[in-house]
Amino acid sequence: MDHSVDSSTAARPPAAPAHGGGHVIWWVLAAITGGVVVVAATMLKPAAPPPDTRSPDMTVEKTSAIAVRDQAPQWRFLKLGTVGEVGSHWTDQVPGRISIDESLSSKVGVPIEGRVTRVMVELGESVREGQPLLAISSPALDELRAAREQAVVELEAARTALERVEATVASRALPLKEAQNARQRVRAADVALQLADAKLATVRAAANTKELVITAPRGGVVVEKTVVVNQQVQPDGPALIVVADLSSVWAIADIFESQAVDLQQGGTAEVTTPSLPGQTLTGKVLMVSSIGDPDRHTLPVRVRLANPDHKLRPNVYARVRFQVQHPDASNEIPASAVVSDGERQYVYVQDKPGHFARREVIAGSAHEGRIPIIRGLTTGETIVEEGAILLDNQIEIEQ
């Protein structure tokens, strides 16, 4: 038996198991991943702390006071001033309009129901007292005249009956009380005639005419007209024509509720209008309304203006400003000195050089860059007029 071995077979090493290659790959990947984690860990650094926003030139004390170093650059933005006494001033101009003086106007209607047959005036036309404005035809006019004629007949009949009864009573054919009853019927008929005359006098209709002519109750200008020919009209309807004397007019300004606090009846107002360029008219505050506009939150203020030449026309645009006093305020300061957190108002008061205390104040309405102080400051105190917001922001940062 031949025991020899193939040399090529003997020289080749035994083959590795089939699953041995997968283990090798897994260990290689694990080594690579571990190396990446180590490298990333060495590159990580702790986050830097937030920068210190506090200024070394300003020191906050208990959130209500702040000190500023003598040579601090913030002094370039700070302006100091002295609290002054309050005086009268003019408000900013507010929009308004020219209106008729209602105390010098008359609304024209009709005393009876009817149909308009003629209109004798136009809007904007000047009329004199007693001038015909419109005419109507109405069956009620004939009824009033017939009622008066009936009253005349009844009065005459009552008087005739009284004479007959008095003669009969005198002959003792009738008792005395019959004469008394007859006299009462005469008085009742007389009252009925007076009532009929009063009704005709109210409509002021000319005798034997088919139309009732309505005349102007006063001289002036037709400022409203809502009537046309053939229109049906009645006594309880709206005014058909408004006649106004324009020798005096109103300027009506709509101001915000907070501005009305300082206005009083009898105060002085100045009015300008594009229809009179270069002219400023002076008037008196006639009324500050107690009722506001629920949508606009404004109050109408009425100013009376003399208008002898009728140059001010109703409904034209105007601008109004008011001279006001602040009886409750003791001093005033620039409006820029006041800062607010939305609920309260503050002023920074210098109590010693470079040291400012935040003080709560009660302020009025600003005007032309200044604001009255009702409570919180004393005349002569030194305050921060400009730059107060810089101090306020620093306090907010360090709180």
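Author: Start with a definition: two strands pair if DSSP finds at least two bridges between them. The model is predicted. Strand β9, residues 126–127, meets that cut-off with strand β12, residues 220–225, through two bridges in the antiparallel sense. One of the pairs is Val127 with Gly220 of β12.

Now widen the view to the sheet. Its order is β7-β14-β12-β9. It is open, has four strands and is paired in the antiparallel sense. β7 (105–108) and β9 are the edge strands, and each pairs on one side only.

Next, the partners of β14, residues 241–244. β12 and β14 run antiparallel and are joined by four bridges. Lys225 stands opposite Ile241 of β14. β7 is also antiparallel to β14, again over four bridges. Here Ser106 has Val243 of β14 as its bridge partner. Strands of a sheet pair through backbone hydrogen bonds, either parallel or antiparallel. In a regular strand the side chains alternate between the two faces of the sheet.

Take Leu305 as an example. Leaving aside residues up to four places away in sequence, Leu305 touches Ile98, Val249, Ala251, Val271 and Leu281, among others. Its contacts also include Ser247, Ser248 and Leu312.

Asn230 is not a glycine, yet its phi is positive, about 75 degrees. Asn230 has 51% relative accessibility and therefore counts as exposed, the cut-off being over 50%. Asn315 lies in another loop, between β18 (298–306) and β19 (317–324). Phi of Asn315 is also positive, near 80 degrees. Asn315 is exposed too, at 70% relative accessible area.

β13 takes us to another sheet. This sheet is open, with four strands in the order β11-β10-β8-β13 and antiparallel pairing. β11 (211–215) and β13 (232–233) are at its edges with a single partner strand each, so one side of each has no neighbour in the sheet. β11 pairs with β10, residues 132–137, over five bridges in the antiparallel sense. Among these, Pro132 has Thr215 of β11 as its bridge partner.

Leu141, Leu144, Ala151, Leu155 and Leu162 are among the buried residues of α3, and so is Arg145. Helix α3 covers residues 139–170. Its 32 residues should span 46 Å at 1.5 Å a residue, and its end C-alpha atoms are 47 Å apart, which agrees. Ser138 caps the N-terminal end of α3, with a side-chain oxygen 3.1 Å from the backbone nitrogen of Ala140. After α3 comes Arg172, whose phi is positive, near 65 degrees.

Methods. Residues are numbered from 1 along each chain as its sequence is written. Side-chain values use heavy atoms; hydrogens and water are left out. The expected span of a helix is 1.5 Å times one less than its number of residues. Buried means under 20% relative accessible area, exposed over 50%, partly exposed in between (1.4 Å probe, protein chains only). A polar contact is a pair of N or O atoms within 3.5 Å; within protein, one must be able to donate a hydrogen and the other to accept it, and residues adjacent in sequence count only if both atoms are side-chain atoms. Contact means heavy atoms within 4.5 Å.
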